[in-house]
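Subject: Structure handover

Hello,

Here is the structure I said I would pass on. My notes on it follow below the entry.

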Amino acid sequence: MPSQSARATIQAYYDAFNAGDVAGMVDCLHDDFAHHVNEGATRLGKAAFAEFCAHMSETYKERLTDLVVYGSEDGTRGAAEFTVNGTYLKTDPGLPEAHGQTYVLPAGGFFSLKDGKITRVTTYYNLQDWIAQVSA
């Protein structure tokens, strides 16, 4: 069923995230891919996404819990809700100074899929909540 396929692809994407497997995440992506982040510009293509992941891996250590994945009946759209459990490892330019602060943040992702691969990920979280947690 298309809905199950969409959910399985999104689940594989997040399983790879939790395993620190950037190549596994990229494998879930369609060649025509766009990454829309909560703050900042849209990244187009797998290479730009992999660069973003490399930056994130050196700056943050995150594990997602409480993951719930949804898929549309036709398999072209999906969503996920989860909790980000993280440690701020290295100061990200324009953000508070990092010194190993931990945070817990509700977040979500929205997806478009084509041919069993992800064509779009849009991630949402409350940046002000994160800043308050790492600034405390």
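In these notes, buried stands for under 20% relative accessible area, exposed for over 50%, and partly exposed for what lies in between (1.4 Å probe, protein chains only). This is a predicted model, in which local features need pLDDT of at least 70 and side-chain atom pairs count only at pLDDT 80 or more, while totals for chains, interfaces and linings use all residues. Residues are numbered from 1 along each chain as its sequence is written, and side-chain values use heavy atoms, with hydrogens and water left out.

By that scale N126 is partly exposed, because its relative accessibility is 43%. N126 sits in the loop between β6 and α4. Its side chain reaches the backbone nitrogen of D129 at 2.9 Å; this is a polar contact, meaning a pair of N or O atoms within 3.5 Å, where within protein one must be able to donate a hydrogen and the other to accept it, and residues adjacent in sequence count only if both atoms are side-chain atoms. N126 and A12 are 114 residues apart along the chain, and their C-alpha atoms are separated by 25 Å.

The sheet

Helices (H or I, at least four residues) and strands (E, at least two) are DSSP runs, numbered from the N terminus. Two strands are said to pair if DSSP finds at least two bridges between them. On that basis 6 strands form an open sheet with mixed pairing, in the order β2-β1-β6-β5-β4-β3. Its edge strands are β2 (43-44) and β3, each of which pairs on one side only.

At the β2 end, β1 (residues 29-36) and β2 are antiparallel and share 2 bridges. H35 has R43 in β2 as its bridge partner.

At the β3 end, β3 (residues 60-71) pairs with β4 (residues 77-88) in the antiparallel sense, over 10 bridges. R63 stands opposite N85 in β4, and the bridge partner of G71 is G78, also in β4. The two strands form a hairpin with 5 residues between them, and G75 in the turn has a positive phi of about 75°. β4 is also joined to β5 (residues 102-114) by 11 bridges, again antiparallel.

F33 is found in strand β1. With 3% relative accessibility, F33 counts as buried. Contact here means heavy atoms within 4.5 Å. Apart from neighbours within four places in sequence, F33 is in contact with R43, L44, G45, F49, I118, T119, R120 and V121.

S112 belongs to strand β5. S112 counts as buried because its relative accessibility is 15%. The S112 side chain makes a polar contact with the side chain of R120, at 3.0 Å. Neighbours within four places in sequence aside, the residues in contact with S112 are T76, R77, K117, I118, T119 and R120.

The helices

For helix lengths, the expected span is 1.5 Å times one less than the number of residues. Helix α1 (residues 2-18) has 17 residues and should span 24 Å, which agrees with the 24 Å between its end C-alpha atoms. Its buried residues are S3, A6, T9, I10, Y13, Y14 and A16. They cover an arc of only 165° around the axis, so they are on the same side of α1; the arc is that of the directions from the helix axis to the C-beta atoms. Just after α1, G20 takes a positive phi of about 70°.

Helix α3 has 14 residues and reaches 20 Å from its first C-alpha to its last, close to the 20 Å expected at 1.5 Å a residue. F49, F52, C53 and T59 are buried in α3. Seen down the axis of α3, the buried residues fall within an arc of 130°, so they line one face of the helix. A47 and E51, on the other side of α3, are exposed. The cover over the buried residues of α3 includes α1, α2 (22-27), β1, β2, β3 and β4.

For directions, axes are lines fitted to C-alpha atoms, for helices over the stretch in contact, and angles run from 0 to 180 degrees between N-to-C directions. α3 (residues 46-59) lies across β1, β2, β3 and β4, and runs at about 50° to β1. Helix α4 (residues 127-135) packs on the sheet and touches β3, β4, β5 and β6 (117-125), its direction making about 150° with that of β5.

Regards
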